[in-house]
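Here is a brief report on a protein model. It covers packing, backbone geometry and charged pairs.

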Amino acid sequence: MARPDRGQLTARYTFPLDRFQVEAMDFVDAGDSVVVAAPTGSGKTVVAEYGIASALADGRRAFYTAPIKALSNQKFMDLVAVHGRERVGLLTGDNAVNPDAPIVVMTTEVLRNMIYARSSALIDLKVVVLDEVHFIQDAYRGPVWEEVIIHLPRHVQLVCLSATVSNTVEVAEWMTTVRGTTRPVVEDKRPVELECLYMVGDKTTERDHLLPLLVSGRPNQDVGRLMDQGVRPGRRGSYRPKARRTFFTPSRLDVVERLREEDLLPAIYFIFSRNACDEAARSCSRQGIRLTTPDERRRISQIVTERLDGLDEDDLDVLGYPEFVAQLEAGIASHHAGMVPPFKETVEACFVEGLVKVVFATETLAVGINMPARSVVIEKLSKFTGEHHEFLSAGEFTQLTGRAGRRGLDPKGHAVVLWSPFVSFDQVAGLAASRSFRLTSSFRPTYNMAVNLVRSYSSEEARHLLNLSLAQYQADRDVVRIEARLEARLQRLDELREEAESPFGDIYDYRSRLEGRPKERSESAIEHAVSRLRPGNVIHVDKGKVTGRAVVVRTANRTGGTKLTVLTAKRALLNLSARDFAEEPRVLADLELPRPFDPTRPEFQRRVADDLDRVRLTVSEWSSPEVDRQAVHPVEDDPDLSARLKAAAQADRVAREVDQLREQVRGRGNSVARRFDRVLAVLGDWGYVDGWSLTEKGRMLAGTFHECDLLVAECIDRGLLDGLPPAELAGLVSVFVYEHRSSEPPPAPWFPSAEVRKRTRRIETISSELRGVEERQDLTPHRAPDPTYIAVAYAWAVGEGFAEVVEAEELSGGDFVRNMKQLIDLLRQIAVIAPSAQTRADAERAGEMLLRGVVAVSSAIGEVS
C-alpha cells in the first residue's frame with residue numbers, strides 16, 4: 001500500500017502538526033479507520049486531507065461527505081484549490097460536477113443513496129471522510145450516518161471527524177464491532193486557549209462588569225460575591241436587606257463597544273432569533289458604529305460585486321440590498337437561515353478576510369462553516385425550539401464557543417456570556433466548566449430504509465444489519481457483539497461449504513453413507529433455504545395429513561424466522577416455518593400467480609390448483625430410494641477428498657455455533673428489530689411489501705428519499721400527481737415540503753384550480769389515515785401536509801417576480817429559496833420514480849420552471865479565487 005508524502009502534504013500548513021494529527025495519520029497508514037474528536041479549529045481537516053492523499057497514492061478514490069450543502073460547497077472549493085478542478089467533483093441535490101473525479105465531495109444522503117443503489121462508483125473507493133459525524137444524534141438526519149457506516153463496503157476506510165464528545169471510545173468500539181479496527185483519536189486541548197467571560201450591566205457603576213467566569217476551572221468567587229450584592233427587580237422575594245446593586249443585561253451596542261475597547265474583535269454575536277439578528281445589525285449601523293478602514297470598505301465593495309452580480313436589481317431591492325451593503329461597509333452583518341445563500345456567502349467571505357468585525361448570527365453558523373473569530377458572545381443560554389424554550393446543552397455551548405480564537409492570529413479566544421435574570425451565575429459557570437457531551441444514536445428504521453433492506457438483503461441479513469446500529473449497541477452492546485460474531489461465523493461457514501463442494505458429487509451424501517445415517521443439515525441451513533423461497537415457487541410439503549406438492553403464495557420474515565403460506569393442489573392454505581421441514585426445501589418448479597393477487601378468493605385458489613396439477617417439475621418430487629452404502633460413490637474419485645471431508649466436518653461445527661448465536665440474539669430484547677417489524681407491518685398492509693418481496697409500489701418507495709416518503713409514494717400510486725399542468729403540479733407537491741413554523745396561524749391556502757384543491761383534500765385524507773395507522777403501531781407519525789406554500793410555488797413556476805412573490809406572502813428570502821430547492825429536489829425524484837411517463841415529464845418540467853432567478857443563483861458554485 002503506497003503512502004502519501006507527509007512532508008510534502010504538510011508543507012502548506014502554517015503550523016506544526018499536533019500529537020493527535022500524527023497519531024491519526026499513523027492509524028490511516030496502518031489501514032485502520034479513525035474517529036477523530038477534537039475542538040473546533042484544532043485541525044481535524046488535516047487528518048481528512050491525509051486520508052484523501054492516501055487514497056490517491058494508492059490510485060483509488062476518496063469521498064468527502066458533509067451534513068449540509070453549504071459545507072459541501074466550501075469543502076469542494078477548498079479541495080479544488082489544493083488538487084485542481086479536474087481532480088475534484090461535487091454531488092449535492094443542487095449540483096453534479098465532475099462526478100467521476102478521484103475526489104468527490106457530497107452530502108451524506110447522496111452517499112447513502114449510492115450504497116443502496118449498489119453504485120459502481122464504490123468499487124475503487126478507498127477512503128470516506130465523514131465530517132461532523134456528531135450529526136449522528138440528529139433526530140431526522142442522524143440515521144443516515146449510521147446507514148453509511150453499517151452498509152459501506154468493509155474494505156473502505158472511514159475517517160470520522162467530530163466535535164469534542166465524551167464517549168469517543170464507545171463510538172470507536174461500536175465501529176470496530178461493525179466494520180473492523182477503528183481507532184479513537186481524542187484531543188481535548190484547544191489550539192488556542194479559551195477564556196470564558198461574564199458581562200454584567202450594573203446601574204450603580206458607569207462601566208459594565210467583564211469578569212472571568214472560571215478561575216482554575218472553578219466558578220469565579222469574585223463574580224459570586226458580586227451577584228450576592230444584586231437586586232433582581234420584578235421578582236418577588238429577590239430583595240435582600242444588604243442588596244445595593246441593580247443588574248441588567250448589557251445592550252448589544254454596549255457589548256460591541258466594549259469588545260472594541262478590549263481589542264476582542266472580530267466577534268460572532270450569537271442571538272437565537274433571525275429577527276433579533278437583523279435588528280441588532282440595523283441598530284448598530286444606525287447608531288453610527290463604523291469598524292472598518294477605507295481600504296477595507298473598498299475590498300468589501302469588490303466582494304459584494306463579485307458575489308451578488310448574478311442577482312436581478314429588483315430582487316436585490318426586495319432583499320434590502322442598500323442596507324445590507326451599508327452594514328457590511330460599517331463592519332457589521334447578520335447571518336441566519338432567513339437570508340438567501342448569496343448574501344450569507346458574502347458575509348462569510350468578508351468575515352474570513354477580517355473585513356467584517358461583528359456578525360450577529362443564529363446557531364446555524366456554528367455548524368461546519370469555517371468562520372473563526374477572536375471572540376464569541378452568547379446573549380442567552382436558552383433558545384426557542386418552535387414549541388418551547390430549551391436550555392443549551394454542554395455540547396451546544398462547546399460548539400458555539402469553539403469559534404473563539406483564530407489559530408496563528410490570536411493568543412487566546414474569548415467567549416462572553418451576558419447576564420440574565422433567568423439564569424443564575426452558578427448555572428452559567430457549570431455549563432462553561434462541563435466537559436460532558438455524550439453522542440447518542442437517533443437511529444430508527446424508516447419506510448425507505450425498510451424497503452431498501454428488503455430489496456438488497458435477505459430477511460436474516462437485514463435484521464443482522466439493524467442489530468449492528470449504534471442505537472442497539474448503546475441499548476445492549478452484547479447484541480451487537482453477538483451479531484458481529486454471527487456475521488464472521490456465517491462468512492466462515494460459506495467459505496467452508498465452498499471448500500467442501502466436490503465437482504464429482506455430493507460430499508454430504510457421501511458422508512452420510514459412510515456413517516450409515518440419513519443426510520442431515522443444520523437448522524441454519526434449512527432456515528436459509530426457506531428464506532430464499534419466493535411466491536410462485538413449487539415445493540414438496542409433508543405436514544400432518546398433507547403430503548405432496550404446494551405453491552408458495554406468501555412469505556413473511558419475522559424475528560423468529562421466515563413464515564410461509566402455501567396452497568396445495570387440494571386448495572388448502574398452510575402456514576409453514578423451517579421447523580416443518582426435515583431438510584432444505586427444493587424448488588421443483590415455478591408458477592406465475594394470477595392477478596389480482598388474493599389467495600383467499602376461491603377463483604384464485606382454483607386457478608392455482610389447476611396450474612399446480614399441470615406444472616412440469618424440473619426436479620423430482622420424491623427422494624431417490626436408499627442406495628447401498630457399500631457402492632462406489634462418485635466423490636471417491638476426487639483427488640482432494642480428504643481436504644473436502646475435513647472442510648465439511650468444520651462446516652458442521654461452525655453451523656452448530658451459528659445456530660447457538662442466533663438463539664442468543666432471539667433471546668435478547670431488540671428494540672430496533674421490533675420497530676422494524678412494525679414498519680414492515682405498515683408496509684405490508686399498504687401493499688409495499690409482499691412477505692420479503694417488494695411490490696411495484698415498494699420499488700417506487702425505494703427511490704423516494706423524503707421525510708414523508710410513504711405519504712409521497714402513496715399519493716403517486718393513487719394517481720394524485722397525474723394529469724396536472726407542471727405549474728399546478730409544483731404547487732401540489734409543495735404540500736409535502738413546506739412546514740409552517742410560526743406561532744402565528746398560517747394564511748388561508750390559495751389553490752390555482754378546483755382540481756388542485758380537490759387533490760389536496762385527498763392527500764390530507766390519506767395522511768390522516770396513515771397517521772392513525774402509525775399511532776396504532778407506536779411509530780412516530782409523519783409530518784402532515786401543509787397547503788400554505790401552494791400559492792408561492794405556483795406563482796414562481798408561472799413566472800412571477802421574486803419581489804412580488806416574497807412581498808405578497810411575507811416570506812424571508814432564505815426561506816423562499818430553501819423551500820424551492822427542497823421542492824425541486826422532490827420533483828426531480830418524482831421525475832424518476834413515477835409510473836406515468838407523462839407525470840415524470842411534467843415533474844421534470846416543473847423543476848426546471850422553478851430553477852430560475854435567485855433560486856438558480858443560490859444553487860450555483862463560486863469560482864476559486
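The sections below go through the model topic by topic.

## Basis of the model

This is a predicted model, in which local features need pLDDT of at least 70, side-chain atom pairs count only at pLDDT 80 or more, and totals for chains, interfaces and linings use all residues. Residues are numbered from 1 along each chain as its sequence is written, and side-chain values use heavy atoms, with hydrogens and water left out.

## Nonpolar cores

The largest nonpolar core holds 171 residues. Such a core is a set of buried Ala, Val, Leu, Ile, Met, Phe, Trp, Tyr and Cys residues joined through side-chain atoms within 4.5 Å. Buried means under 20% relative accessible area, exposed over 50%, and partly exposed in between (1.4 Å probe, protein chains only). Phe63, Trp174, Tyr198, Leu683, Phe816 and Met820 touch the most other members. Helix α32 (residues 813–833) gives the largest share of this core, 10 residues. Helices (H or I, at least four residues) and strands (E, at least two) are DSSP runs, numbered from the N terminus.

Another core lies apart from the largest one. It has 33 residues, among them Leu79, Val105, Val127 and Val159.

## Backbone geometry

The Leu265 to Pro266 peptide bond is cis, with omega near 5 degrees. Pro266 sits in the loop between α9 (252–261) and β15 (267–270). Asp263 lies in the loop between α9 and β15. Asp263 is not a glycine, yet its phi is positive, at about 60 degrees.

Ser216 also has a positive phi, of about 55 degrees, without being a glycine. Its loop runs between β11 (214–215) and β12 (218–219). Ser216 is exposed, at 75% relative accessible area.

## Salt bridges

The whole structure contains 49 salt bridges. Each is a side-chain nitrogen of Lys or Arg within 4 Å of a carboxyl oxygen of Asp or Glu. Arg554 pairs with Asp690, with the closest N and O atoms 3.6 Å apart. Arg554 is in strand β23 (residues 546–558) and Asp690 in strand β27 (residues 689–690), so the pair ties together parts 136 residues apart in sequence. Arg554 is partly exposed at 36%; Asp690 is buried at 17%.

Asp610 and Arg606 meet at 3.1 Å, N to O. They are four residues apart in helix α23 (residues 602–614), so about one helical turn separates them. Arg299 bridges to Glu306 at 3.8 Å. Arg299 is partly exposed at 26%, while Glu306 is exposed at 57%. A network of salt bridges links Arg207, Arg258, Glu261 and Glu262.
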